[in-house]
Amino acid sequence: MKKSEKREDKNMGKVAIYPGSFDPITYGHIDIVERALEIFDKVIVAVAHNAEKRPLFTTEERRKIIKAIFKDTPNVIVDSFKGLLVDYVAKTNAKVILRGLRATSDFEYEFHMASMNRSLNTHLDTLFMMTNKDYFFVSSRTIKEVAKLGGAVEGLVPDLVARRLKEKFKLPVRKKNPIGWDD
Ligand code: ADP
């Protein structure tokens with residue numbers, strides 16, 4: 001490698017890719033990104049286009065929501081990808097895939113994925129970060145289930161996400177005393 005190329009490499013800094021469905025993004029995800037920024041110079045949040053998972057939000061909707069959330073954080077890049085994660089990572093200058101772990105139940109799937117990705121590209125490593133104790137029970141799936149039934153998800157997802165969920169589920173604005181038990 002030439003000297004000038006080396007210098008260029010150094011300037012790019014440490015980059016991690018945080019891939020996921022983010023359908024929708026929660027404070028659990030956001031916490032992982034914020035903590036990763038203490039370790040990496042740049043975090044690329046990569047929204048997976050996975051039609052098989054039948055997402056509630058389109059890839060573009062998910063990307064736009066995340067972009068709006070990190071609009072004041074220039075070292076967070078928001079992107080989306082189709083196909084194999086390792087092929088996408090190869091197009092960037094990242095060497096690390098970032099994933100979050102909530103419980104031992106996450107471990108088996110994550111362990112298999114990380115091992116498969118490593119076998120597809122031996123230069124790639126997966127870094128796991130433990131969930132924040134405040135968000136270990138937060139998953140996009142449960143957020144959608146609760147929101148669909150009109151439950152409060154504020155405090156677990158940003159306000160923008162809570163609003164988008166209400167729009168998606170066409171929920172009426174909740175009345176304070178819908179069944180009139182205080183009468
Ligand atoms: P995927 O469909 O790829 O699992 P998700 O959006 O569900 O995408 O999750 C992306 C990553 O974020 C996964 O590594 C997942 O374990 C992690 N994650 C999800 N929710 C949380 C949370 N509350 N705390 C920490 N990590 C989380």
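Me: Where is the place of Pro24?
Reply: First, this is a predicted model, in which local features need pLDDT of at least 70, side-chain atom pairs count only at pLDDT 80 or more, and totals for chains, interfaces and linings use all residues. Residues are numbered from 1 along each chain as its sequence is written, and side-chain values use heavy atoms, with hydrogens and water left out. Helices (H or I, at least four residues) and strands (E, at least two) are DSSP runs, numbered from the N terminus. With that naming, Pro24 is in the loop between β1 and α2.

Me: Is the peptide bond from Asp23 to Pro24 cis or trans?
Reply: Most peptide bonds are trans. From Asp23 to Pro24, though, omega is near 5 degrees, and that bond is cis.

Me: What value is phi of Phe22 near?
Reply: Phe22 lies in the loop between β1 and α2. Most residues other than glycine have a negative phi. Phe22 has a positive one, near 50 degrees.

Me: How many residues surround the ligand?
Reply: A residue counts if one of its heavy atoms lies within 4 Å. The closest are Tyr18, Ser21, Phe22, Lys53 and Gly100. By class, the shell has 6 nonpolar, 6 polar and 5 charged residues. The number around the ligand is 17.

Me: How much of the ligand's accessible area does the protein cover?
Reply: Start with the polar contacts (pairs of N or O atoms within 3.5 Å): a polar side-chain atom of Ser21 lies 2.6 Å from a ligand oxygen, and a backbone N or O atom of Tyr135 lies 2.9 Å from a ligand nitrogen. On its own, the ligand has 550 Å² of accessible area (Shrake-Rupley method, 1.4 Å probe). The protein covers 91%.

Me: Which pocket does the ligand sit in?
Reply: A pocket is an open set of points on a 1 Å grid over the protein atoms alone, where a 1.4 Å probe fits, with protein on both sides within 12 Å along at least five of seven lines; lining residues have an atom within 4 Å of a point. A molecule sits in one if more than half of its atoms lie within 2 Å of its grid points. By that rule, the ligand sits in the largest pocket.

Me: Which element gives the largest share of that pocket's lining?
Reply: The largest pocket is lined by 48 residues, with Gly20, Ser21, Lys53, Arg99 and Tyr109 nearest its centre. The elements giving two or more residues are β1, α2, β4, α5 and α6 (140-148). The largest share, 9 residues, comes from α5.

Methods
A polar contact is a pair of N or O atoms within 3.5 Å; within protein, one must be able to donate a hydrogen and the other to accept it, and residues adjacent in sequence count only if both atoms are side-chain atoms. Ala, Val, Leu, Ile, Met, Phe, Trp, Tyr, Cys and Pro count as nonpolar, Asp, Glu, Lys and Arg as charged, and the others, Gly among them, as polar.
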